[in-house]
Every structure is written in structure tokens, then in C-alpha cells.
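Please look over the model first.

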Protein chains: 4
Amino acid sequence: MARRRIGVWLLGAKGGVAATAITGLCALKKGLVGTTGLVSELPLFSQLPLPGWNDLVVGGHEIRDVSLSDEVRRMHEISRVFDTPLLDQCDSQWQQVEKEIQPGSVLNVGGAIEQLASAEVRALRESPREVVERIGSDIQSFAERHDLDDVVVVNVASTEPPTPTEMLPKRWAELEKTLEGDNESPLPASALYAIAALDRGYPYVNFTPSLGSALPAVDELARLRGTCHMGRDGKTGETLLKSVLAPMFAHRHLEVLSWVGHNIFGNLDAQVLDDPGNKQSKIASKDHIVGPILGYQPQTRVSIEYVQSMGDWKTAWDHIHFRGFLDTPMSVQFTWQGCDSLLAAPLVLDLVRLTACAHQAGAKGSLSFLASFFKSPQGVETSNFFEQFALLTAWAADPGSH
Amino acid sequence: MARRRIGVWLLGAKGGVAATAITGLCALKKGLVGTTGLVSELPLFSQLPLPGWNDLVVGGHEIRDVSLSDEVRRMHEISRVFDTPLLDQCDSQWQQVEKEIQPGSVLNVGGAIEQLASAEVRALRESPREVVERIGSDIQSFAERHDLDDVVVVNVASTEPPTPTEMLPKRWAELEKTLEGDNESPLPASALYAIAALDRGYPYVNFTPSLGSALPAVDELARLRGTCHMGRDGKTGETLLKSVLAPMFAHRHLEVLSWVGHNIFGNLDAQVLDDPGNKQSKIASKDHIVGPILGYQPQTRVSIEYVQSMGDWKTAWDHIHFRGFLDTPMSVQFTWQGCDSLLAAPLVLDLVRLTACAHQAGAKGSLSFLASFFKSPQGVETSNFFEQFALLTAWAADPGSH
Amino acid sequence: MARRRIGVWLLGAKGGVAATAITGLCALKKGLVGTTGLVSELPLFSQLPLPGWNDLVVGGHEIRDVSLSDEVRRMHEISRVFDTPLLDQCDSQWQQVEKEIQPGSVLNVGGAIEQLASAEVRALRESPREVVERIGSDIQSFAERHDLDDVVVVNVASTEPPTPTEMLPKRWAELEKTLEGDNESPLPASALYAIAALDRGYPYVNFTPSLGSALPAVDELARLRGTCHMGRDGKTGETLLKSVLAPMFAHRHLEVLSWVGHNIFGNLDAQVLDDPGNKQSKIASKDHIVGPILGYQPQTRVSIEYVQSMGDWKTAWDHIHFRGFLDTPMSVQFTWQGCDSLLAAPLVLDLVRLTACAHQAGAKGSLSFLASFFKSPQGVETSNFFEQFALLTAWAADPGSH
Amino acid sequence: MARRRIGVWLLGAKGGVAATAITGLCALKKGLVGTTGLVSELPLFSQLPLPGWNDLVVGGHEIRDVSLSDEVRRMHEISRVFDTPLLDQCDSQWQQVEKEIQPGSVLNVGGAIEQLASAEVRALRESPREVVERIGSDIQSFAERHDLDDVVVVNVASTEPPTPTEMLPKRWAELEKTLEGDNESPLPASALYAIAALDRGYPYVNFTPSLGSALPAVDELARLRGTCHMGRDGKTGETLLKSVLAPMFAHRHLEVLSWVGHNIFGNLDAQVLDDPGNKQSKIASKDHIVGPILGYQPQTRVSIEYVQSMGDWKTAWDHIHFRGFLDTPMSVQFTWQGCDSLLAAPLVLDLVRLTACAHQAGAKGSLSFLASFFKSPQGVETSNFFEQFALLTAWAADPGSH
């Protein structure tokens, strides 16, 4: 059986997560590094026909006017990540990917993101329909140019402010009509990318808290086109720990009184989140984990602060105040010191491989078995990491089952 | 159906854990407190015929010459636990339990424990066989005096030094013979208590790292007598967190490089563990969790220090150094501030209720479904807390299945 | 020489700090506790004629309709502070102090505080001048009733929002005129209390970030009346540590890149600070320490969150990111777990004793030698705790020198 | 006035601290880095005739058979320190220094260090006198070869086990005689190096807890030869914080109940300290700080563990349990994450400059004004960092005063 060639289409293709995924993929292709951090390399998946590293071809959209190699080298300097020899060997790969990156859209993304965009991108005056057309056509050309069997579109762009979705139609036929007008659609770029991809039959994965494919009408579109999607908001650090620790309190019948989390970091993502609107999307996504796991709502506080010197190193302090037997108050604190892009990038590669495999096996609609990768998994009730991981394990045993 | 009356026989009956369990049980009987911290009060068990608080009668063995109420009031002062009104209402209960407490044994328990014992206990010159006889007879009298349907014996005494068990016979018939001699048996008190209880058909639970019922020959004895047992070493704090967090690293394919844990506390348990021999038992029990869950052995260090001012407040700092994608080193630290006796006592009550229920349902031998309560669960492979909890869930659904 | 009798007049007399100071003073009078936490009991001051515990008489103003003993018992329950025997012995003292507490003023204190006030206090329709008259007369009656040699007025009330002070006159003669009008003066209650006290020759100490005696015109008033004052914002926890640690970085030529502080607590003070206006005063006071000590301004972030379950236990996490030799980034984190009222109350007693002593020795204007007690010491440049403490040491050696 | 040329003679010249100092000095000479981390670059010293970077020439002794550039590159890989461009520019400097490094001595250094030594060094069979002669002659040849005005000898070698010094003579004339015999002198290499340097008039600085120049007889030798010395044990991290924080507790009359410190790191220094004998020297040096500052001795615990993965990153967790007003227990914890060699190396360069300057100004005997650099400053009572720093400030104002 000939190997299938899979496109990896990154939205926000020169951001920290994308740049790390691209550099890491280069290192994997050249055999320069091991597979630590890649979930899809667990023995659990060894029997699945996942695409190999050399079967993946990268392209994407980007709104900023920057160079991929500059971005990677800046991360290297500021955050002390990537070994120098690794960087030296990836130069030609960056050049190659650079050619496959097209200008993105800033429709309804809010001022904090808009101001990052190049003059060219800001000058675009497109209707939602035109955005969908252009984006879709970019992806399809890419697929044809490289003779790809499938393209998995992954949103790793900056977090948009919340979209008011209550008034939006629940059916695709209705939603589609709203794309035509000039100014009326509240759909942000993340949703238009999703529509563009799914409408042409490509899977879409939303690694951010932005709207993406979360609307029921967009899920319907995916099913109509026989393709699949999942989101939202990759679970890489503090929230991962929450989804792991909260079940312990529940199982031990310890009452959580309050759970406070304070996050600091200094990359571009943090800078955008410094805007109150964009921050609201992120905090909403981080702050709904604990209550459902516990079965009651303790007081929770999540804060995120842009601290420039931290670069890509997200440091989170969580203070969990709980009550044990005879109402005795106790506490546990943790400090997480993780490098955000380095945590996210392997999961992006995992999601591409698993999604491509599921699509090939006939999956349609939202991929609930991927819940453990997300803070707010679409279509999945449980926030308990281990219950979510059990979905992944079950799927791996029978990928056609989804 | 008439309620069954269950004895709770505590070894180390005036130590912090026992005193807290006795006081807590009093509070539960009088309806002074809620059920926070009691696993057996989770909805999971609501259909099971667990003994009610008023069905439990407490007695035990103790080697020290102290008064129960003094011990509780000292904990109140030093560790700021128990509300004053609660204490005021438990006085008569302590007096009642006090009458049911018999002198224990210090055979082979090591110098650190021996020196805590009363002159009376130290003056006893018994052979192992005599200890077993006396202990068993104490428990049986207690059962008869109170017309009990069953007695669950729980070891919450100080940690003994490790026992060399390699040379001990694997079969009960052989082991029994070694009890006769005067000085030859290396069996420590914890094992003799286990033998005494099981030989008369009573279940035995070992909440400490001491030997207890861990020998194959003792397990055989339990099966021969149609009774059950479990151990060892209650999982209340730092190790609980280890068994919860380690699976996260495994599932995310993050490589743990080192896991360092440093524990400080100042109660009697800590004082005994300040002795190198006794400490060795404890550390061995705490330090074998992470490797099996991960599937490889990172460098681990566990230390325990007696810090008098901390009283019953066990504070643990853990530093986990791990490696993510592209070999990027990251870390997570946690600080656990838990009150040891208040964490352990409800689990002791849980174990009594669950064990009594299982015994009634016909369970024989070691109760593997209780694994989640222990650091080193006898007869269970997995150290993953959530896999252990799944055993408990399965049993709750069908208690006769064990 | 006859002992001088000194009044302790507390603004916010039933708040946590005041209630703790009153209860602590009772315990000191009865010899129930040692002097831990009292700076004025250091050997440094042993030669000074400080008032003894039995020379102090307490009264104050309060805007809420609560009882002192209820407040103390609530702190006991929620925050697990004060021993029960101590409380039992202070009942008559609380009754006595209760009689000396008069209704306060809520003029210009902002909505968050206003809504805490009793109907009686809210119904008062006084001009600033009337407030000053009433307050001053309350204090003077108290002094006469108890035949006091001096009264030290201490503000331990909730934090007011910032007052715009740029337009206010710099001279007392001018400022005094602004008190007459009805609605025109922006002076908040804290400043009116200060004016009332100083105008009658009593010293005033501002333990909060509110305006208090900080205006130059009010300082002039103090000097005109031959009395003294000091403020603002008692330095009890996180900021104390900042003023201690920042000099270390300066002396070792380590470059602080960012200093992030996150505070959580749940008492009434925290509840008032949950209001953005009031929070702003507090954060401004906490956030100007590090830059002046270092000689350059790193990025700093200070946040405060109301977390109800924490009660009086203020927990602060600080993350200090710094750069060493060859631009190597390093960090230090600390977690402070202090009981706010128990840290503040002894300093209030210290300030009363030291201020009374200085006043007697002829001090006029702001008492710069008390700088080490405050986050924002009036009239003192240095934020370095040890330089501030050196001022105290120098004064103790020669109290007439100020 | 012609610039004075100063030799920097490093004992343990290829260890982490030395290698970092050498690399950092290279970077400073080439103007590649700023002066962060260098105390001698504070404005405080701007008027002093300190030697410039280009006036310093490096040599030293080393017992291992390794290459300097290999050592630096290994640190770069394991601990992620030094920028790659920096390393690329220092190659020729390493080669140059490499030529100036002579074989050291392992006399009485204990097994843990001995086993690190090259076959050549281990094969040496020298009497103490012969060691002193060879070492002294090496240093002097170096001075002559480079036409140096002075040579400051700095011990940055691994920590030796404690030396029993009670029986050693207090006078140099007596001690000198003990060098003659073959096996009788207990003096370890660190003391012989000190004697060798001082006997020829060169200053000696002991940056380690080893014996070095601590004996009264050796101090007498320094005075006899008109030279100076100081030690011991550079204060770079956890102990620095102790000497900064403990005064805060003292000044606030807060009672420290216990102070626990747990250190983990993984460089060669840590590996040697994994030996119980060598560890004892270090812990003794770290554990005598707090008591003298407080004026009473709380329970203290200091532990150090070799954790390989940490490399040069020393992480220390300290838990300080203290008591405030009304005996309320509170706590503060800190986590220090510092890179050991990067913290130590600039202090080594500082000590060379300041010592050379003091020697030129006529200083004799131990240099107490350098106390703030050391954990156990010879001849200085106070452990309070700020009191120690005041000694440095006073000296800087009048360097001839010492």
C-alpha cells in the first residue's frame, strides 16, 4: 500500500506553536531528536496506520509580515529553547515552508490581533464569503500542488475575543446565508477558516479558545461533507494539571473550597491575551474544568498576566484550598514551569496524525475521542483527564468505531 | 434485617490516627460533622449494606501509658485541629473506649518503638505464640462482650523497621511452627497481630508500612479461616499525589528525569521515623510508585524529616523535573500541606466499613479492590491511582464478585 | 514618676485588626501570652519609657452595626485563630471597649465601604467640618472621661479609593476653608479623622493606604498643634518581604527582570479590596517598592483577589525573575502564609507605644523613624527595610533627637 | 601610573566555577557581555583602583585529566548556559589558559575527590612539605613568566571532608614543623595550597567549605609574610537568602520555630557532596547561619541531594515555620532556582579584584570586609548579610583602613 501524503495546514503559521511544530517536524524527519512529548508515539498507537514524519507537508496562513527563521531564532534567544545544531540544520526546511504560507484574514478578530497584521492583510476588504473562498482555494491549491491525500487544518493563531453566538442559526443552510452580506456576520476568522476547510472536505482542528468549528451549523457542514473536526483550546499546562488533580479530590471526598490559578508568560500569545477581550475567551476556557469534575462549584479564580521577561516559559501557580475530615482546612500548591510552544507543538503533530487516521477510517463530525487534548472538548461532557484518555484508548483499539 | 454490629479494633489505639478516628466517629454518631473526607460516603457506595456509625464499637491495643483524652487535647493544642465544642462532647466516649484498650506487644518492633512502651508492656516476656494467643483472646473477648457480628482489626501503630522475610516459609503450616520458639522468629508485632486476628476469623487491615499480613503464609491463613485482609501503608498525601500525577506524564509521553520528595512533620509517627531503621520501611514504601507507572525508572529521592514544630501537619515539597519535546527540560513543583491524622482517620473508618461488607459478602484473602487506599497494595500490580479506583468502582457495583 | 495613661483610639474599631489588637492587649494585660510579634518588646527599646499594657485604654469609631465579641468569635471559627481559653477570658474587656466605640463617618469613602455601614451612620448628613467636630469631640471626651495623658489615633479601617489630591491647597489655612462647603471637599473620612485628631493635639497613625494625614497641609496642622503623625499602610507580609529581598538583588548586582506578586485572602478587608477603586489604592501602595530599591524599574505586577475560604490567612505567591552573570536567567519564588490581623495587630500596639513616647519627647510632624512599619512611609525616601530599621535604631538610642 | 597586572590562580581550574569564571572573563575582555552579577562593578567601587579585565591573567591547579573547552561545552549542553556565539569566541582563550594549568594535589582530600584524579596526580607520593614547595613554585613561575604584580589564589575545588583541627598547633612555627613528616599531618590539600600561596606572599581566598586558610597558624603566616587571605564557602544561593531573611524575623520579633532547607543539584560539586564525609563539611557551613542572627536556636535541617538531571541548576526549597502574635503559627516558603557556577564565577572575579586592591593597600591577615561573600566568614561574628555588606561599604570608602 502506497503511503498517504498528508498536508499540515497551520493557521498562524509563523507563531510560536507553528514555528516549533515546523522545526520539530524537521528534526524528526532528519532523526535529530527522539519522540518525547509526542502522544501519538505511545505504544498504544503502534498498530495504527498513522502518517510518518516524512509523509507530512506543511503550509499555512499568517497575518503578520515576519520570517519563519527569524521567529524561531528569536525564541531560541529569548526563551533558551532549541539546540543550536538543530537550528542550523533546519534552515532549508524553513525556506521551503515559507513558500507555502499565504496571507490570512483578520475579519472580526478584534483590535489586539488586527494591529499585529501586515499592511497587506489589513488592506483586504473581503466579505465573509470571499474570505472562505480565498482560504479554501489556498488550501486546495496546496493539496493539488503537493499531490496530498488529505490536509488537516490546525488553528494555532492568537486567541480572538468571545463571539456572541446565541443569535446564530443552528443549521448550515441558514448560517451559510449569513456569509454573503458585508458587515453583518459576527463570524470571526477562526470560524471562516473552519468553514473553508470543512466545506472542501478537509478536517479542521482548533487548538485555540477562538470560535473555530464550535457552532452546531459548522458541525453539520462537516457531516454533510463527510469530514471531521475537533476543538477547542489545547490543554498543555495548568489546565491539564487541573483535569488530573480535581478527580483526586472527588474520589477522596475532599471538599475543594477554592482553586486559584495565576499564570504568567511573555510570548506573543500572552501579549494578545493582555487585551481584556481576548483574555476573557481564554479564562472562560480555563475556568470551567473544576466544577463539573467535583460535582459542585468551589470559588475559582484564574488570572493570566503578560510578563515580558518570561518569554515562552509559562509559569503557573495554583493554590487549592480544601477541607478534609472534621472540616479541617488543608491546601496544596503547585508551580508549573513549562515552555508553552514546546508543549503545544507535539500535540499539534499528534492531532494531525490522529485526525488524518480517523478521517481515513470514515470519521464524521466532531472527534470526541480527542477530548484529552483540549481544555473545552467539543461534544464531550467529562473534564476528567483520565476519563478523556480512556476515550482515546478505546478509539486506538478500534479506529473505525468512531 | 437486624443491623450487624461491627467492632473496630485499633492497633496503636491511642496514637494520632486512632485518636482522630475515635473522636471523628463520636462526632459522626452525634451528627456534629458532615462526611467530608469519607470515601465510603461517596454516592458510589450508597446501595451497599455498609455498617452505620452507630453500628461501630471501638477497642484496641496500645503499648504506651497515656490517656486518650490527653492525646486528643494535645493534638488540639499543638496542631490546631478539632473544634473545642467537638472535644467537649466526646469526653464520655473517650472514657468508654479507654476501657476497651489492652496492652499491646513490642516483640521485634525495634528500639525506637520499644522505648515508647510502658514499663508493664516492656516487662512482658512472651514467645510469639503467647503474643498471638493473648492478642487473639483480647479481640475475641471484646467481640463476645459487645455481641459483635464481626471485628475489623486495623494497624495504625508506629512503623517498624524492615523485617528480613526471605527465609520465612511460604506456607502457613510451616510458618506456624516458627512461632513456638523463644527467640528465633523474626516476626514483628504487626505480623503477630495479623495472625492473631486472622486465625480467629477476623479481618485485618494494615494501614502502616510494617510487615502485617504481607507474608504469603499469612494470606494462606486468612483463606483457610475464611477471612480477608489488606495492606499496606495508607496513602494519604504526597504518595497519593504521586500516584495521580505520574500517569499524566506517562499519558503525555513526557519523560520524567527526576522526582524528588521532601517531607517534614512533627508528630509521634515522625519521631519514630527519625530512626534510620524505621525510616527505611517508610521510604521504601513511598519510593516505588513512580517507576512502575512510567515504565522506566527516573532518579527518585524521598526524604522524611522530623520537625517538631510542624506537629501533625505534614508538609511535602516535590520537585519533578521532566523533559518535553525536543528534549526541553521543564518542571513542576508541589507543596502539600495536610494534616496527617485527619487525612488518615476517615480512611480507617472507610476501610472498616468496606472490609466488613466484603467479609460478609464472602471475600477471602487479600482485598485487592481496596488498592487505592494504600501506598503498597498487596497483590495489586498497578500504582496508578485511577486504575486502582476503578477496582473499587467495579467492586461497589458487585460486592460479591471479589 | 507617675505612669502616663494613654488612649488607643481605633478607627474601624471592630474590624479584624482592631479586634485582634483589643483581644491581644487583653491577653497581655492578663499575662496570658508572651510578647512574640511585638517590635516594641525588642531589647532595643528596653531603656525607653514606653507605656505599659495596663496604661493603655481603648476606644474608637466604627461604621458597622456589629458586636466586638461576635467579630472575634467569627475570626476564631473561620480562620482558626485565638485559643478558646483566651477568648473566654476576654469577654468583660470586649464589653468595656464596646462602650467606648462611637459611630464613624462614611464621607467620601466610596460605595464599597458605604454599603457596610449601619443605617444610622449612612443617615448622617454632615459637612466635612461637622465630621471633624464630632470626631474630635468624641476623642476628647474619651480622653477626659479616662483622664488620659495622650490619645494615639490609629486608622485601621477599610481602604478608601484613591483621592485626587493635586488640586488641594498645600497650606493648612487654605485647606481648612475647604471643609466648610457641603459637597465640594474631596477629603475622605480618613483625612477628616486625621484632621480631627491633630487639630486637638493628638497624634495620628495611618495603618491603611487611605489618604489619612498624607497631605502637606495636614502635616503643617500637626506641626502647628505640636503633635505628630505617620503613615501609611502597615507593612505586614508580601511587601515586607519585598523590602527585605530587593536590597539583596541590588547588593549582588543581579538584575531583576520582573517581579510578580499574587495575593489571596478572604476577610472584610479583602472584600472591600474586591472593588476596583479601593483595590487601586492598595496596589499602588504595594507596587512602588522594588524600583526605588533597585535603582531601575523592572516589570512588576501585583494582584489581590478576594477568596472567601481563606479568611484572614493572606497567602501571597511572588515570582522574581532575575538575570545573573552572562545574562543567565534565574528565579526565586516565595509563598507567604500569614494571618493578616495577627501580623498587623501587634504593630498597631507598637505604633501606639512608640508614637506616645515620641510625642512626649516633643516630636512634631511626620515620624520618619517609624518608616519600617509602613509600605509607603510618609517623608521617607528609602524602601529598603534595613535602612528603615536603622532609623528606628537611631531613634531608640536618642528619642529626643527626632 | 602603569597598570598592575594581576594573576588569577584557580584551584580546581577546570571545575564548573573556574571554567565559568574563565569564560566570563574572556567575554568581559572582548566586551561581549555586561557586568550583571559582578559586585565589584557596583557604583560603590567606582573610585577604587581595581584591576581591569585586561589586567587579569589566569592559571591554576587541577587534579582531573580533562580539557577546559570540553568542560564548558558540557555545561552548555547539560545546563543550557552560555550562548553559542560566546563559546565560539572563547576557544583561543581556553587554549591559552589550559597551558597555565598544573597538576594539583590530592593529599588528605578523601576518597570521593581522590577517585576523580588523573593517574598522574594519584601517583604522586609527596610529603606535605613537598606539596607546598611544588605548588608555591608553580605559582611563582607563573607570576614571573607573565611579569605579574600580584597573584590571587582562589580555591574553587571540590569540598573536602572535615579536618580534625583541635590538636593542631596555633602558631605557624609549630605548624610548619608538622609538614615535614610523611603521614602524620592531617592537613588537606586546601590548607597546603593556602600555605604555599601565603608563604610566598600571595593572597589566598577560599571559596569552598574546605579548611583552606582557616587555621590561626596560617593566619599568622599571612601576617608574617605581609599578605592577606579570606574564606570560607562562597555564599551564592540558599544561604544568601537565609542571611537576608533571618534578620527580618529578628527585627519583627517573630519567633522562628523551624527552618528546613532542601537542596538539589547535579554537577560535579553535587556528586562529591553525595559522599557523607564531604557533605558534612558543606552542611555544617550552611547550617549555622540562622541561630546567631536570631539570638536563639530554632530547629534547623539542611539537606543536599545529588540529582543528576539538575546539572548546574541548584534548586533549594526552604520552609520557615514561625510564630507571630498570640502564638499564631505561620510560614513562608521559598524556592530558589539558580545556576550555581554562574552565581559563583562573578564573585570569584570580584574577590580577586577586591583582594588585589586590599593587598596593594597594605591589608594583612584575614579580610573581614569581604564577609558578605561567604557563608562562614573567617574572623567575622555577624551572619546578617546587611551588616556584612556594611563592612564592605565602609572599606570601599577607605580601603587603606583595613
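The points below cover the interface, the strand pairing, the chain copies and the backbone.

This is a predicted model, in which local features need pLDDT of at least 70 and side-chain atom pairs count only at pLDDT 80 or more, while totals for chains, interfaces and linings use all residues; side-chain values use heavy atoms, with hydrogens and water left out. Residues are numbered from 1 along each chain as its sequence is written, and chains are lettered from A in the order in which they are written.

**Interface of chain B and chain A**

- Chain B gives 58 residues to the contact and chain A gives 58 residues, where contact means heavy atoms within 4.5 Å.
- The two chains bury about 4,800 Å² between them, 71% of it on carbon and sulfur atoms; buried area is the accessible area (1.4 Å probe) that two parts lose on being put together, summed over both.
- Zero salt bridges are found across this interface, a salt bridge being a side-chain nitrogen of Lys or Arg within 4 Å of a carboxyl oxygen of Asp or Glu.
- On the side of chain B that touches chain A, the elements that give two or more residues include helix 1 (16-29), helix 14 (340-360) and helix 15 (385-397) of chain B. Helices (H or I, at least four residues) and strands (E, at least two) are DSSP runs, numbered from the N terminus.
- Strand 10 of chain B gives the most to that side, with eleven residues.
- By class, that side has 37 nonpolar, 16 polar and five charged residues. Ala, Val, Leu, Ile, Met, Phe, Trp, Tyr, Cys and Pro count as nonpolar, Asp, Glu, Lys and Arg as charged, and the others, Gly among them, as polar.

**Strand pairing between the chains**

- Strand 10 (residues 329-339) of chain A and strand 10 of chain B run antiparallel and are joined by seven bridges; two strands pair if DSSP finds at least two bridges between them.
- A:Gln333 has B:Thr335 as its bridge partner in strand 10 of chain B.

**Backbone**

- In chain A, the peptide bond between A:Gly231 and A:Arg232 is cis, with omega about -10°. A:Arg232 is in the loop between strand 6 (228-230) and helix 11 (238-251) of chain A.
- In chain B, the bond from B:Gly231 to B:Arg232 is cis, with omega near -10°.
- A:Asp327, in the loop between strand 9 (313-323) and strand 10 of chain A, has a positive phi near 60°.
- Most residues other than glycine have a negative phi, and most peptide bonds are trans.
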